[in-house]
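Hi,

Here is the structure I promised to pass on.

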Amino acid sequence: MAACPSCSNAAPDGSRFCPFCGGKLAALVKKPQDPLVGKLIDNKYMVLERIGTGAMGSIYRAEHQALAKQIALKVLHRHLLTEESQVKRFHREAKAASRLNHPNAIVMLDFGQTEDGLSYIAMEFLPGKDLCRVLFEEGRLPEDRMVRIASQILDALDEAHAAGVIHRDLKPENIMIEPLRSNPDFVKVLDFGIAKIRDYTGGENSSFKTATGMVFGTPEYMSPEQIRGEELDGRSDLYSLGVLMYQMASGELPFSGDSVLEVATAHLTQPPVPLVEKVPEITPGVAAIVASLMAKKRDDRPANAGEARAALVTAWETAARAAVERKLDSERVAEARGRAPVDVPVESRAEAASEARTHIVPAVIEGPQGPVARSPSDAPTRAPMMFRTVAGSAVSRGRNWKIALFLGLAVLAVGAIAAWAWMQHGQ
Ligand SMILES: Nc1ncnc2c1ncn2[C@@H]1O[C@H](COP(=O)(O)OP(=O)(O)OP(=O)(O)O)[C@@H](O)[C@H]1O
Ligand SMILES: [Mg+2]
């Protein structure tokens, strides 16, 4: 119910006019319009709608007028413009993002300031959902999705770290997930926003410019060294990713609390509840990687994002291959125990044999104590023995009589030619 501004009587929700005095209600129930919506920014970008608001600014869907193309505009909160350091930080975000060129990192298109002093970044518009929303809707994610998302984030981090950019604020709000036909969870990492740009002046002695004394980040995902305000390297992002993976797999944060201090203290001192206790079915190798990413000491984490990604993919693929092997093993054991070999159509056999080679499937033979799994190296020779070539022998019998007929006719023809030649010679 809304109160009529003219007579103060209650009017049912959705009414355009007051049922008592007939006064107009529509203006009353309308949400206050964002002042930027409908404005042309920097003579280039028409602001269409606000799509989100964060600590530093608001995100708008806008249209690049000349290109007639949708883009996203991140506009710094007006009250932050009074602080020089915030404006600089905002522009550093733009420069940091513009250095990156990776399919899993957002493409930054432009940045600048409007005539009335608003700072903005123009970037590609992403139509998907952020990971925060995905987790809100789905609770926790199946392991294959978690691994797929994490490995793409690691790809983007690997590229960013190589370019001297540390994200420093990895959190679900900064991960967009877009369902594509080729990848149902295509990832874009947003906001290398409070990243500091490492300015490599040369080799090992590279310097790392920081805003002295200021710590930026989101406590739930901050690394211990970030909380302590130390100089960071890419392994700080690996810690935050470990927290994200833990949350994706279990639906819960490893450390939470009622105050920033409580959360920060837990990051510094408490070991997380092992992931396997929250998700017993998780692949042990994957859980071990999450634990190593979340190691308190950065030296105990993977050395870099590339290494972490390789370890994650190997752990996942090894587990997937083992699962296929177990499945095929159990099918073969069942077959070897009781059933006669099945007559399988030619195409299926070829497929199965090739699959057996692809997955290095151990064949199963009957040993003294029952079926025994042979080593993978035996597989190519043993796998085809699983099938009897009944259909194949029928085919070859069909071919044989045709060959015999052809040979018989050939012999007759040669005989006739020889007889004709002999008679000619005799004359
Ligand atoms: N390029 C984009 N395309 C589409 N939606 C976006 C884009 N960038 C951000 N968003 C959406 O807007 C939301 C707010 O983003 P924003 O970066 O302003 O806030 P945040 O990430 O929550 O906080 P912070 O200011 O600390 O980064 C994001 O969570 C995301 O859903
Ligand atoms: Mg953000």
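**What I found**

Let's start with Met245: leaving aside neighbours within four places in sequence, Met245 is in contact with Met146, Ala150, Val290 and Leu293 (contact here is C-beta atoms, placed from the backbone, within 7 Å of each other).

Before going further, this is a predicted model, where local features need pLDDT of at least 70, side-chain atom pairs count only at pLDDT 80 or more, and totals for chains, interfaces and linings use all residues. Residues are numbered from 1 along each chain as its sequence is written, while chains are lettered from A and ligands numbered from 1 in the order in which they are written.

Met245 also belongs to the largest nonpolar core, which has 71 residues; Met245, Leu73 and Ile153 have the most contacts inside it. Such a core is a set of buried Ala, Val, Leu, Ile, Met, Phe, Trp, Tyr and Cys residues joined through C-beta atoms within 7 Å. Buried means that 20 or more other C-beta atoms lie within 10 Å of the residue's own (12 or fewer is exposed, in between is partly exposed; C-beta atoms are placed from the backbone). The core draws at least three residues from each of domain 2 (33-125) and domain 3 (128-339), with bounds from an automatic or database domain assignment.

Overall, the protein has 427 residues, 30% of them buried, and its secondary structure comes to 13 helices and 15 strands (DSSP runs, H or I of at least four residues for helices, E of at least two for strands, numbered from the N terminus).

Now for ligand 1. There are 21 residues around ligand 1, and Gly52, Gly54, Ala72, Asp130 and Glu173 come nearest (a residue counts as near if its C-beta atom, placed from the backbone, lies within 6 Å). Two or more residues of this shell come from each of β4 (45-53), β5 (57-64) and β6 (69-76), and β4 gives the most, with three.

Val47 has Ala62 in β5 as its bridge partner. Eight bridges join β5 to β6, also antiparallel. In their hairpin, with four residues between the strands, Ala68 takes a positive phi near 50°.

Last, Val134 sits in helix α3 (residues 131-138). Val134 counts as buried because it has 20 C-beta neighbours inside 10 Å.

Cheers

Technical notes
Two residues are in contact if their C-beta atoms, placed from the backbone, lie within 7 Å. Two strands pair if DSSP finds at least two bridges between them.
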